[in-house]
Amino acid sequence: PQVTPLLLVAAAWRSGLVLASLAGRSYLGLGPQPPTPEWGAMLHEGRVHLGRSLWPTLAPGLAITLTVGACVLIAEGLKDLFRVRATIEED
């Protein structure tokens, strides 16, 4: 029972890191190949259209940023709620 709050905070924190890592790998072409929808791949494909329109790049970039930010905020909120000390290694 005493480990559960720490695990919840760690899971919320790491989920944001994993999402950012997967998006980065997909952007570099090391993730799932098209037609699998991936935010990093969408960012990579949107570079071609950047001169004509921002939306193909801006939409997945904002989605990644907002989702990772939400994971961090949830982790911080859980840390405050459960009064967990900063024992999680923050990379």
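In this report a residue is called buried when its relative accessible area is under 20%, exposed when that area is over 50%, and partly exposed in between, with a 1.4 Å probe and protein chains only. By this rule Cys71 is buried, because its relative accessible area is 17%. The structure is a predicted model, in which local features need pLDDT of at least 70 and side-chain atom pairs count only at pLDDT 80 or more, while totals for chains, interfaces and linings use all residues. Residues are numbered from 1 along each chain as its sequence is written, and side-chain values use heavy atoms, with hydrogens and water left out.

## The nonpolar core

A nonpolar core is a set of buried Ala, Val, Leu, Ile, Met, Phe, Trp, Tyr and Cys residues joined through side-chain atoms within 4.5 Å. The largest such core in this model consists of six residues, namely Val9, Ala12, Trp13, Ala75, Leu78 and Val84. At least two of its residues come from each of helix H1 (4–27) and helix H3 (55–82), and H1 gives the largest share, three residues. Helices here are DSSP runs (H or I, at least four residues), as strands are (E, at least two), and they are numbered from the N terminus.

Val9, which lies in helix H1, counts as buried because its relative accessibility is 2%. Between the C-alpha atoms of Val9 and Pro60 there are 26 Å in space, and the two residues are 51 apart in sequence.

Cys71 is found in helix H3, and, with neighbours within four places in sequence left aside, Cys71 is in contact with Ala12, Ser15 and Gly16. The C-alpha atoms of Cys71 and Arg47 are 26 Å from each other, although 24 residues separate the two along the chain.

Which backbone oxygen does the side chain of Thr57 reach? The side chain of Thr57 reaches the backbone oxygen of Gly46, at 3.0 Å. Thr57 also belongs to helix H3 and is buried, with a relative accessible area of 16%. Beyond its neighbours within four places in sequence, Thr57 is in contact with Leu43, Gly46, Arg47 and Leu50. In helix H2 (residues 39–46) the buried residues are Gly40, Ala41 and Gly46, and the buried residues of H2 pack against H1 and H3.

The structure holds one salt bridge, a term for a side-chain nitrogen of Lys or Arg within 4 Å of a carboxyl oxygen of Asp or Glu. The side chains that meet in the salt bridge are those of Lys79 and Glu76, at 3.6 Å from N to O. Side chains of opposite charge can pair when their charged atoms come close. Lys79 and Glu76 are three residues apart in helix H3, so about one helical turn separates them.

## Burial and exposure compared

The table lists relative accessible areas for several residues.

| Residue | Relative accessible area | Class |
|---|---|---|
| Lys79 | 16% | buried |
| Glu76 | 28% | partly exposed |
| Leu58 | 34% | partly exposed |
| Arg52 | 67% | exposed |
| Gly51 | 79% | exposed |

Leu58 has its place in helix H3. On the surface, Leu50, Leu54, Trp55, Leu58, Leu62 and Leu66 form a nonpolar patch, with about 640 Å² of accessible area together. Patches are made of residues with over 30% relative accessible area and no salt bridge, with like charges joined within 9 Å and nonpolar side chains (Val, Leu, Ile, Met, Phe, Trp, Tyr) within 5 Å; the areas come from the Shrake-Rupley method with a 1.4 Å probe, and for residues only the protein chains shown count as cover.

## The loops

Arg52 has its place in the loop between H2 and H3. The side chain of Arg52 makes a polar contact with the side chain of His49, at 3.0 Å; a polar contact is a pair of N or O atoms within 3.5 Å, and within protein one must be able to donate a hydrogen and the other to accept it, while residues adjacent in sequence count only if both atoms are side-chain atoms. Gly51 lies in the loop between H2 and H3, and its C-alpha atom is 51 Å from that of Val3, which is 48 residues away along the chain.

Pro35 lies in the loop between H1 and H2, and the peptide bond from Pro34 to Pro35 is cis, with omega near 15°. Most residues other than glycine have a negative phi, and most peptide bonds are trans.

Technical notes. Contact = heavy atoms within 4.5 Å.
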